Amino acid sequence: MVRSARLGTRFFWIACALGVAACGSVSQSGSAPDGGAPPASDGGQCFGTGIVHVCLAAAPMQPSPTQSGMIDTVTSSACSPTTNTNAYCVIAGTTITITAGLRATGARPLVLVASESITMSGSIDVGSHHTSNPAAGAGADPAACTKGSSPTTDNTAHTSGGGAGGSFTRLGGHGGNGEGATNGGLAGATVMPAAVTALRGGCPGQDGAGASRTAGGHGGGAVYLIAGHTIDLTGTIEAGGEGGDGALQGALGGGGGGSGGMVGFEAPNLIIGPSAMVFATGGGGGEASSNSTAGHPGTDADSTAAAPGGTGGNDNGGNGGAGSTGNPTIGVNDGTSGGGATDVGGGGGGGGGAGLIKAPATASFGSHAAPAPVP
């Protein structure tokens, strides 16, 4: 059964003067044909009343080409010129249709703007993945991230601590301690959803400690959808964190999982179909190694369920913590400590914290989103 939410938010249309740094006042004149946006008087148009507000150099006059494949948000010609910010790659059209897979990477978050509607039966992927090249999703690992206290190596016990998971709106898991030591990484601070004032990606997990450091996972990327009339979602939007790497042999610490990124919606009508799925969950922490055997990597976040941490590679290295879904009742996502007497192990990497999904308060996602959306 399809859920339709009639959102109470107003969608303002503002004329932007070309070549200036900021938008002007809200237009009070002009009527919209067929209930659409008022025509811009100077060829510019501004969209978004929330944390994303973009002014295009020219108002959309035709549908955007069907979006699919790979896009680099720094270099792609699909990014429309804007007059008030260069922080985002903005894809614009009167309508936007996504029926296949669209993968976005690059330093800038992705923004989709349609003066009429966005219809999405395919997928938008700004998540971070071990198997992708590049691995990091669009806008992942921003400078705003705090990394916490890094893990260390205990030269007496000859074991290393696991890296903490990246934090965003939920705390990343702390790294496990190496056998006979107290040296796991401590996760950085969280950000309250209300304190997030710009579209941004999630934070990376810490590297596991040791002579050969074990890479933490990238945070998830960021994407925001704005439509003048309707967003019709029956596909998948993913902004999950990457799992931390498993440690090479030598009692090394596992890498921390990356936190989930960010997804946002703004439209008068938001339709969430029965097959829709939206997630910004954390990646699993990597398993530590023992002296003789390597650990397994944590799982990349690939659904609304918790991404498992790395485990099963050896007996004495600590296991990686699971990624966070934002549900406080589902388990601890810290890495576990190493063990062993002679073949000692390092500490497992912590799981990545959950990211952020923003949507109007009247939108009903049910079990189709993780973490739970907030206005």
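A disulfide is a pair of cysteine sulfur atoms within 2.5 Å. The views below come from a predicted model, in which this rule gives a count of 3 disulfides.

**View 1. The disulfide of Cys145 and Cys203.** Cys145 is joined to Cys203, with an S to S distance of 2.1 Å. The torsion about the S-S bond is -95°, and the link of Cys145 and Cys203 is left-handed. This pair links distant parts of the chain, 58 residues apart. Cys145 lies in the loop between β8 (123–125) and β9 (153–154), while Cys203 lies in the loop between β10 (159–160) and β11 (222–227). Buried means under 20% relative accessible area; Cys145, at 15%, is therefore buried, and Cys203, at 3%, also counts as buried.

**View 2. The disulfide of Cys79 and Cys89.** The sulfur atoms of Cys79 and Cys89 are joined at 2.1 Å. With -95° about the S-S bond, this link is left-handed. Cys79 and Cys89 are both buried.

**View 3. The disulfide of Cys46 and Cys55.** Here Cys46 is joined to Cys55, S to S 2.1 Å. The torsion about the S-S bond of Cys46 and Cys55 is about 105°, and the disulfide is therefore right-handed. Cys46 has a relative accessible area of 0% and is buried. Cys55 counts as buried at 0% relative accessibility.

Terms used
Residues numbered from 1 in each chain as written. Predicted model: local features only at pLDDT ≥ 70, side-chain atom pairs only at ≥ 80, totals over all residues. Heavy atoms only, no water. Buried < 20%, exposed > 50% of the residue type's maximum accessible area, 1.4 Å probe, protein only. Helix = DSSP H or I, 4+ residues; strand = E, 2+ residues; numbered from the N terminus.
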